[in-house]
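Take a look at the model first, then read on.

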Amino acid sequence: MSEMNQLINEQLQWFVLGFTLLILVLLIVAMVQGSRLRKMRRRYESMMTGTGVEDLESLLIDLKNQSDMLEDGMRDQAAQLEAARLKIRSMKSNVALKRYNAFGERGSDLSFSLAVLDDDRSGVVLTSLHNRENSYIYSKPLQNGESQYPLSPEEKEVIALALQRS
């Protein structure tokens, strides 16, 4: 044991020097951390000045609530937009008209066929046949571009024209 005490006494100056250096390094690290903490506190205080919010937690909670409300609003708008798209798709917006002389007699092109279709190729074809004495109007419903009634070549042509415009 006396040998150990003698060894420690001989090396005591190096132990003290080592611990002193360790304490100095820890002191420098503590000062750097304190400086960073003060800088961060100043930034926090400048950020929170004038906002009317006491702490950052309540500010973040408010922002989260606002974000949730915006997401709900966007979902509602997306649903409304999809409903509008479906409604527009079913609207009869593809229209074509063809005038012609139905009987080949003297006269002008007073007869006509009018096709009014939606994007699903459903709708109606109106045909007016005009001669000197009378005028006849026929209506033929369409489902998927086909009718249960026979279609004239002019009616088929006007349906094709209306579908080209879609």
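How many residues lie between strand 2 and strand 3 in their hairpin? There are five, and Arg 121 in that turn has a positive phi of about 65°. Before going further: this is a predicted model, where local features need pLDDT of at least 70, side-chain atom pairs count only at pLDDT 80 or more, and totals for chains, interfaces and linings use all residues. Residues are numbered from 1 along each chain as its sequence is written, and side-chain values use heavy atoms, with hydrogens and water left out.

**The sheet**
- Four strands make an open, antiparallel sheet in the order 1-2-3-4; strands are DSSP runs (E, at least two residues), numbered from the N terminus, and two of them pair if DSSP finds at least two bridges between them.
- Strand 1 (94–100) and strand 4 (135–142) sit at the edges with a single partner strand each, so one side of each has no neighbour in the sheet.

**Strand pairings**
- Strand 2 (residues 111–117) and strand 3 (residues 123–130) are joined by six bridges.
- Across that pairing, Val 116 stands opposite Val 124, and Leu 117 has Gly 123 as its bridge partner.
- Strand 3 is linked to strand 4 by eight bridges, and a hairpin of four residues connects the two.

- Thr 127 belongs to strand 3, and its bridge partner in strand 4 is Tyr 138.
- Thr 127 counts as buried because its relative accessibility is 3% (buried means under 20% relative accessible area, with a 1.4 Å probe and protein chains only).

Definitions and conventions. Buried means under 20% relative accessible area, exposed over 50%, partly exposed in between (1.4 Å probe, protein chains only).
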